[in-house]
Amino acid sequence: MSTPISLNGAVTFWSLTDGISLDTLRLNCPSWLSKLLPEQGAPLGALKRVLTRRIAHNPALYMRPVDRDGYVIMEGEEVNGKLTGEERGRVVLARVAGVPGDAGRILTMAPFHQAVFDEIGYQWLAERRRTTASDLGSTLSKAVVSDRIRGVPLRPTGGIYWVPKDRLPAWQEVAAGIEASGGCKVWTPPFAHGAESIRTVCDNLTDYVEKEMAKVNKGLVNEDLGERARATKHKRAEGLNDLVTHVEATLEVTLQSLRDTTTNVGDLAVLEDILSLV
């Protein structure tokens with residue numbers, strides 16, 4: 001007679017690809033995840049990908065950056081390990097006066113050729129409606145440790161997370177949406193309940209919370225923070241405390257020292273008030 005395996009959640013990790021449509025992701029994924037996605041891709045990165053594809057057929061062409069605003073297309077050859085050549089054209093992002101951020105970036109081209117400019121412009125706008133694997137991975141990393149999922153990173157560099165069993169349905173909805181958008185995989189194999197699995201989650205939770213609390217505490221005493229910034233730090237500390245509580249309940253453990261870490265922000269707030277009176 002087999003003994004049933006007790007589960008306390010799942011491990012999740014993913015394999016992503018470049019070029020997934022942001023509109024498709026918003027259509028397939030839960031609305032709360034859609035809010036974590038960028039409205040558009042970064043303009044300079046999108047331009048680089050467009051120009052890279054355009055010159056790929058000609059080995060004599062290569063690109064050089066123009067500050068952080070665009071690229072020069074060069075034609076030449078490699079001599080003694082160095083690329084030498086002549087400029088054939090440049091495509092640079094200019095700013096529209098009075099329009100802040102990436103929304104105010106437009107393309108300029110020299111020498112100007114209307115048909116080529118129109119084609120590059122169309123491809124650039126289309127590319128900005130897509131996301132890179134790196135950017136999508138960052139979105140998923142934010143999502144899995146959010147208050148909605150309360151996952152725990154299982155290695156310092158991220159990429160592998162534990163998801164508590166009561167949050168698995170919400171995360172599996174995300175996974176299904178990502179995979180339905182094409183070219184990506186999100187795996188959630190079950191995580192068996194046992195001494196070693198508990199140690200794995202608790203050790204990594206401790207590392208994660210201590211690092212996040214260090215960010216919270218930084219500047220609370222020795223920097224002149226506004227009320228909004230202070231409130232944001234306190235809200236983050238409360239969220240970390242809630243995460244610890246959730247893990248304790250899921251794994252049936254007590255993490256008092258970690259709970260003390262997440263409540264120390266309150267002591268620092270008192271110290272702030274005392275210092276303000278000196």
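**Entry 1: aromatic pairs**

I looked up ring pairs and found 4 aromatic pairs in the structure; rings of Phe, Tyr and Trp (its six-membered ring) pair if their centres lie within 6.5 Å, with planes under 30 degrees apart counted as stacked, over 60 as edge-to-face and the rest as tilted. I note that the model is predicted, that local features need pLDDT of at least 70 and side-chain atom pairs pLDDT 80 or more, and that totals for chains, interfaces and linings use all residues. Residues are numbered from 1 along each chain as its sequence is written, and side-chain values use heavy atoms, leaving out hydrogens and water.

I took Phe 13 and Trp 187 to begin with: the pair is tilted, at 5.4 Å centre to centre and 35 degrees between the planes. Phe 13 belongs to strand 1 (residues 7–15) and Trp 187 to strand 10 (residues 185–187), so the pair ties together parts 174 residues apart in sequence. Strands (E, at least two residues) and helices (H or I, at least four) are DSSP runs, numbered from the N terminus. Phe 13 is partly exposed at 29% relative accessibility, as is Trp 187 at 38%; buried means under 20% relative accessible area, exposed over 50%, and partly exposed in between (1.4 Å probe, protein chains only).

I then checked Trp 14 and Trp 171, whose ring centres are 6.2 Å apart with planes at 45 degrees, so this pair is tilted. Trp 14 lies in strand 1 and Trp 171 in helix 6 (residues 168–180), so parts 157 residues apart in sequence are tied together. Both Trp 14 and Trp 171 are buried.

**Entry 2: nonpolar cores**

I examined the largest nonpolar core, which has 46 residues; such a core is a set of buried Ala, Val, Leu, Ile, Met, Phe, Trp, Tyr and Cys residues joined through side-chain atoms within 4.5 Å. Among the members touching the most others are Trp 162, Trp 171, Leu 205 and Val 247. Helix 7 gives the most to this core, with 8 residues. Apart from this core lies another, of 15 residues, including Leu 47 and Val 91.

**Entry 3: helices 7 and 8**

I looked up the packing of helix 7 (residues 195–217) and helix 8 (residues 227–251): the angle is about 170 degrees and the axes are 10 Å apart. Helix 7 is therefore roughly antiparallel to helix 8, a term for angles over 145 degrees. Axes are lines fitted to C-alpha atoms, for helices over the stretch in contact, and angles run from 0 to 180 degrees between N-to-C directions. The contact (heavy atoms within 4.5 Å) includes Leu 205 and Val 209 of helix 7 and Leu 240 and Val 247 of helix 8.

Methods
Angles under 35 degrees count as roughly parallel, over 145 as roughly antiparallel, 65 to 115 as roughly perpendicular and the rest as oblique.
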